[in-house]
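Thanks for coming. I have one structure to go through today, and I will keep it short. Please have a look at it first.

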Amino acid sequence: MTLIRLEHVGVVRDGRRILDNLSLALEPGERLALIGGNGAGKTTLLRTIVGLQRASGEIFAFGTRRRSEAEFRQVRAKAAYLFQDPDDQLFCPTVIDDVAFGPLNLGMEHAQAMSLAGDILAELDLGHLANRITHRLSGGEKRLVSLAAVLAMRPDVLLLDEPTNALDEAYLERMVAILSPLPAAMIIVSHDWPLLERLTDRAAVLRGGRLVPAMLHRHGQWTEQVHLHELAEVAGD
Amino acid sequence: MRQSMHNPEATSASPIDRLQPSTRLVATLAALVLATVAHQPVVLALALAAAVLLVLLARLPWADLGHRLLHVEGFLIVLLALLPFTMPGRPIFELGTITATSEGLTRALTLVAKVNLCVLVVHALLGSLDPVRIGQAAATLGVPSRFVTLFLSTTRYVSVFREETARLVEAMRARAFRPRSNLHTWRTFGNFAGTMVVRSLERAKRVDEAMRCRGFAGTMRTAPQQPAMEFDIAFASIFLCTVVGLLVVEFAA
């Protein structure tokens with residue numbers, strides 16, 4: 001069964017046509033890299049899939065056509081959306097409350113939701129953050145905690161909006177290590193092509209409001225690269 | 001935000017900390033009612049003494065209390081300086097052409113006592129309580145979930161807005177802005193305020209979307225209510241008896 005299918009979808013905002021007769025299909029387990037320039041409509045496309053953005057055309061999710069807010073509410077329970085800015089996503093004061101928020105909304109008992117949240121945090125090696133105040137976390141911690149918060153809903157589809165933006169090398173690797181083995185289908189928006197090559201199996205470029213099939217491919221070439229060496233390390237050589 | 005405030009990670013089991021949040025909230029409300037109606041000097045003095053006792057019981061860092069009081073005393077000094085001269089009544093002394101009245105001075109001192117009473121009680125009873133627990137306590141006491149949600153969101157985003165304000169101020173200073181008394185300054189402050197409103201609105205929209213993405217449909221689910229414990233009942237009894245006793249003195253006199 002195709003998880004997400006968009007047909008002839010259009011979005012106009014402030015008189016500008018952002019998505020134009022766009023079609024998209026996402027199959028189970030598939031990982032799509034969504035590439036496009038600034039303002040090309042990548043975030044708008046993700047928002048359209050979960051019904052946060054009103055759009056013309058037809059949106060099918062998990063086998064059913066979705067139109068109303070109530071219908072999209074069911075979509076959001078299974079298609080988790082990781083926002084660009086973790087500060088938008090983490091609104092509960094403590095980490096554990098935030099991770100338990102989704103499961104609680106899906107009708108889970110309080111104790112059960114808390115233990116599930118604890119498990120997810122432990123799985124992602126974030127257990128020590130459980131009682132921390134969300135706004136005092138570092139940028140990398142915030143990002144991983146918001147990922148834990150959406151994974152707590154055990155989604156079939158993950159919509160990731162620049163998930164590694166502003167992450168340092170170490171957090172980027174942790175993010176990749178978490179995402180790689182997940183069975184969920186994914187749409188990943190990023191400008192980091194090497195990252196997309198590692199995480200996705202097909203690519204599409206959003207241009208002129210439509211998706212153009214593409215592929216990320218690598219070949220060796222002579223390049224100059226900037227490296228960073230710490231001075232102590234150079235002196236030790 | 002200062003580290004020692006609103007910090008559930010700091011665990012010191014003072015008698016106040018052993019109380020349930022809802023008990024602390026009810027006690028605070030009772031004390032605030034008393035502070036509102038009390039006018040008799042003897043009632044206020046006794047209540048202040050009780051409040052100091054509560055502060056000692058709570059064993060909170062003195063720096064927190066100092067910080068909180070400092071904010072309030074600033075306003076009170078203005079009040080203390082102005083009220084005696086602005087209320088009509090029996091004159092007690094003159095300062096140039098203006099006259100201080102004993103009614104004004106009494107009113108000023110009463111207000112100072114009332115406000116300090118409130119600050120001390122809130123500091124002692126709610127000071128170590130994380131805002132989430134206050135929100136949850138309010139929910140268990142039957143406050144509509146809409147207000148609880150508003151309260152919880154506000155406590156969460158105060159710091160984000162503070163950071164956003166700080167970033168804007170820095171951005172202004174980075175381009176050599178210095179407030180002066182000219183039109184440019186006022187226009188800049190206008191833009192600053194406008195930008196904050198627009199950003200806040202957009203932030204609020206995104207947060208709402210993020211909440212809806214995780215199945216939020218209007219009500220915040222909170223922790224189930226714990227049964228009242230003996231210690232809570234004992235504390236509440238003593239506390240309410242004190243408040244009622246002081247109220248009786250207030251109205252009997």
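I will talk about a strand in chain A, then about a residue in chain B.

Bear in mind that this is a predicted model.

In chain A, start with strand β8, residues 185-189. How many of its five residues are buried? Five of the five, so the strand is mostly covered, given that a residue with 20 or more other C-beta atoms within 10 Å of its own is called buried. The cover is on both faces. On one side sit A:Ala185, A:Ile187 and A:Val189, and on the other A:Met186 and A:Ile188, all of them buried.

Next, the pairing. Strand β3 of chain A, residues 31-35, runs parallel to β8(A) and is joined to it by four bridges. Within that pairing, A:Leu34 has A:Val189 as its bridge partner. β8(A) also pairs with strand β7 of chain A, residues 157-161, again in the parallel sense, over five bridges. There, A:Leu160 is bridged to A:Ile188. To get from β7(A) to β8(A), the chain passes through helix α7, residues 169-179 of chain A, and this β-α-β crossover is right-handed.

Now to chain B and B:Ala45, which lies in helix α2, residues 41-58. Is this alanine, B:Ala45, buried or exposed? It counts as exposed, because B:Ala45 has 12 C-beta neighbours inside 10 Å, and the exposed class takes in residues with 12 or fewer. In sequence, B:Ala45 and B:Lys114 are 69 residues apart. In space, their C-alpha atoms are 9.8 Å apart.

That is what I had to show.

How values were computed: Residues numbered from 1 in each chain as written. Chains lettered and ligands numbered in written order. Predicted model: local features only at pLDDT ≥ 70, side-chain atom pairs only at ≥ 80, totals over all residues. Helix = DSSP H or I, 4+ residues; strand = E, 2+ residues; numbered from the N terminus. Pairing = 2+ DSSP bridges. Right-handed = clockwise from strand over helix to strand, strands pointing away.
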